[in-house]
Amino acid sequence: MHKIFHKWLFICIFPAFCLTLAASYLLQTRQAEENARYMLSSNLEDGAKYLRMVVTNSAHIREMSDAGALTKARAFAAIITQNPNILNVPTLLHFLRKLLDVEELNVTDDRGVIVASTSSFVGYDMASSPQSAAFMPALRELDFALVQDIAPRGADREPFQYAGVARRDCTGIVQIGYSPRRLLEALRAAAVDEIAPRYHIGSSGFMAIAIYGAIISTGNEPAVPVGASVRSLGLLQPAGDTGVVTILGRQYLCQSMEVDGYTLFAMLPRNEVFFSRDSILLYIAACNIVLFALVFWMVSHLVKRLVINDVYRVNDDLKKITSGNLDVVLDERTTPEFGMLSDGINKTVQSLKQAILAAAGRIDAELEFARAIQCSSLPSVFPAYPEREDFDVFAVMRAAKVVGGDFYDFYLRDKNQLVIVVADVADKGIGAALFMMTAKTLIKSLAESGLSPAEIFTQANRRISAQNDQDIFLTAFLGVLDLTTGRLVCANAGHEHPLIFRRQEEHYSWLEAGHGLPLGAMGSSRYQEQAFQLAPGDRLLLYTDGVSEAESSQGTRLGLSGIENAVRGTEGMNAEKTVLTLLSRVDEFAAGVEQADDITILALEFLGQAWDELLVTADDAHLESLLAFLEEKLRAASCPAKILPLLLVAAEEVFTNIAHYAYAPEPGTVLLRCRVRPTPFQIVLQFQDSGRPFNPLHKPGPDITLPAEKRDEGGLGIAMVRRIMPRMEYTRTADGKNILTLWKQHEA
């Protein structure tokens, strides 16, 4: 019995020792990482305060640089006014370029086409790209002046700037292009490059500062030199996150922060993070070995003096323990030795409880596996459609628990219709995740069947309510975007109103898209849908209430006004940067507070295809100019001769109806937008006005079987347009616009 007892005693003690050592390892590792993160974030916050002071000085430098650029552009315009023939002499243009100390000179005619250039841009239409199209207002505004932000040049992706003014001698644009290297040097001279060397993190950690993707200030670490690319160093990561980067074979714990356009990086060698942990673990291991060896010896020694009855009593208690009752406490104290034995067994039971806690950790690992399965059901590869250039989409979902009830989805149900969905289950955990998967699959199957957003929600609500024994419901927003026209049709089932960024207005606003009941709340609910018109560059931002209800350490919620503040500065970003910036700002707001709800954010930017546009007054006097504009575009696209007059007739009929009936007696305007593809020939015409609501598709056609004098007046023109244009679509937008879109395709 003594040998058997020794054997089982060792089997109990050794796992307890291993578990204790493992727990100590995990605890010390976590503590070391937390200390490192705190050290990094403290240095970043201190560096950010210093950097903001420097940025103020840099802003003055930038203002002077922009003023100098406009002065050079105006000087070049004045020289052209005095001697226009200079534009025909390339050597003089290059002389002026060197005299003005710029890299590029461009001059356009009254159409925005470059007629003189020191580069190879002669004949380039400045309206053909967003960057150069920003100077087109100079054709209409004599006092126009613009200095663009630094942006990568298309030819070599080097930082470059353009400035331009209106021509003085005739209608046109005068533009200069120059490298901002002096501005970058001035920014470095403003003491930004002196910030990083001031900070020493730990023994060999350091700080680095980057702008426009390049390091401009660094500590004493030669692995991160000034001028190095952030991308080449592998430092790209979401602001505020802490991650591991490898530079020249050495691993660093890295944390970053965005400050007024600059990115601060704080880095600490990974081996330095865990140096103290390893020392402490060696000490703990030695102590545990001594402790458990001592316990083993004491129990073994006491067993030698046990009597049979006491052994049975102890065995009875042990049977209770092994049956699962870990609350049993041995109190056999007939002798001092038995008292010590009882204490030893009680300690062993405590070790078993710790083992159970470790098993709970394994369960957490299984939950993490469930989270991975859930995440795999959401689109996670970006860019999602790299072959498509007419839209950009990015989304992220972060659960409050291991698994959550939020979800997002997007997919093309045909080549021209993009479906987006964001939803929030009114629960968290495993149950919400399973409910989410069911709802997501149901909504997708209904959407892919071609139903409208309102009908998708109506049918989904009926099916969810019929099988909703747990009384769980979800809020959802679904939109279908026509990628050929920018028309967005959406329905809202109790979800947060999204934000929309209008590129033309350059600011965000709330998209009031109705507000029906959540799905599953009432089986008989029916849903309404609304249509909105998106222009190229417009961006839709969807989110769940985990964003708006995020709480700060003071207990205040972010709210809608906080979201509006959080998206400021993202106007020039793409969909991915917009989402990640909003997420990081929510994290900053809720710093130090555990996430209470799932967070999901989705951004959709409609890039569209270029439209040719003409805005005219809605009266017969402008019909001729509208038809001339349209005919020019049709002929340029090699429109077949037999359908060109038919298209002009259709446009004339639509314009005449708007001019006579939309605004009368008040004046108004008509925006004609057209997009023409030559091979095979295809044209899309779109008429926009803000007059009275009128859907020509609901207008009955005339009865052509009757004599002309007996027919009802009107309707013949609309019937003619329907005959010419095979496809027509009418929308009345929420902001009071009538949009009539006409398609025609001609196969040779």
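Biologist: What does buried mean here?

Modeller: Buried means under 20% relative accessible area, exposed means over 50%, and partly exposed lies in between, using a 1.4 Å probe on protein chains only. This is a predicted model, where local features need pLDDT of at least 70, side-chain atom pairs count only at pLDDT 80 or more, and totals for chains, interfaces and linings use all residues. Residues are numbered from 1 along each chain as its sequence is written, and side-chain values use heavy atoms, leaving out hydrogens and water.

Biologist: Which residues of helix 16 are buried?

Modeller: Helices (H or I, at least four residues) and strands (E, at least two) are DSSP runs, numbered from the N terminus. The buried residues of helix 16 include Leu647, Ala650, Ala651, Val654 and Ile658. An α-helix has 3.6 residues a turn, so residues three or four places apart point the same way.

Biologist: What do the buried residues of helix 16 pack against?

Modeller: Contact means heavy atoms within 4.5 Å. Among the partners are helix 15 (623–636), strand 23 (669–677) and helix 17 (716–724).

Biologist: At what angle do helix 16 and helix 17 pack?

Modeller: Axes are lines fitted to C-alpha atoms, for helices over the stretch in contact, and angles run from 0 to 180 degrees between N-to-C directions. Helix 16 and helix 17 pack at about 145°, with axes 9 Å apart. Leu646, Val649 and Glu653 of helix 16 are among the residues making the contact, as are Gly717 and Met720 of helix 17.

Biologist: Where is His495, and is His495 buried or exposed?

Modeller: His495 lies in the loop between strand 16 (487–493) and strand 17 (499–502). At 2% relative accessibility, His495 counts as buried. Not counting residues up to four places away in sequence, His495 touches several residues, including Val422, Phe477 and Tyr543.

Biologist: What about Pro693: buried or exposed?

Modeller: Pro693 counts as exposed, because its relative accessibility is 59%. Pro693 sits in the loop between strand 24 and helix 17. Its C-alpha atom is 9.4 Å from that of Thr731, 38 residues apart along the chain.

Biologist: How many helices and strands does the protein chain have?

Modeller: The protein chain has 17 helices and 26 strands. Of its 748 residues, 46% count as buried.
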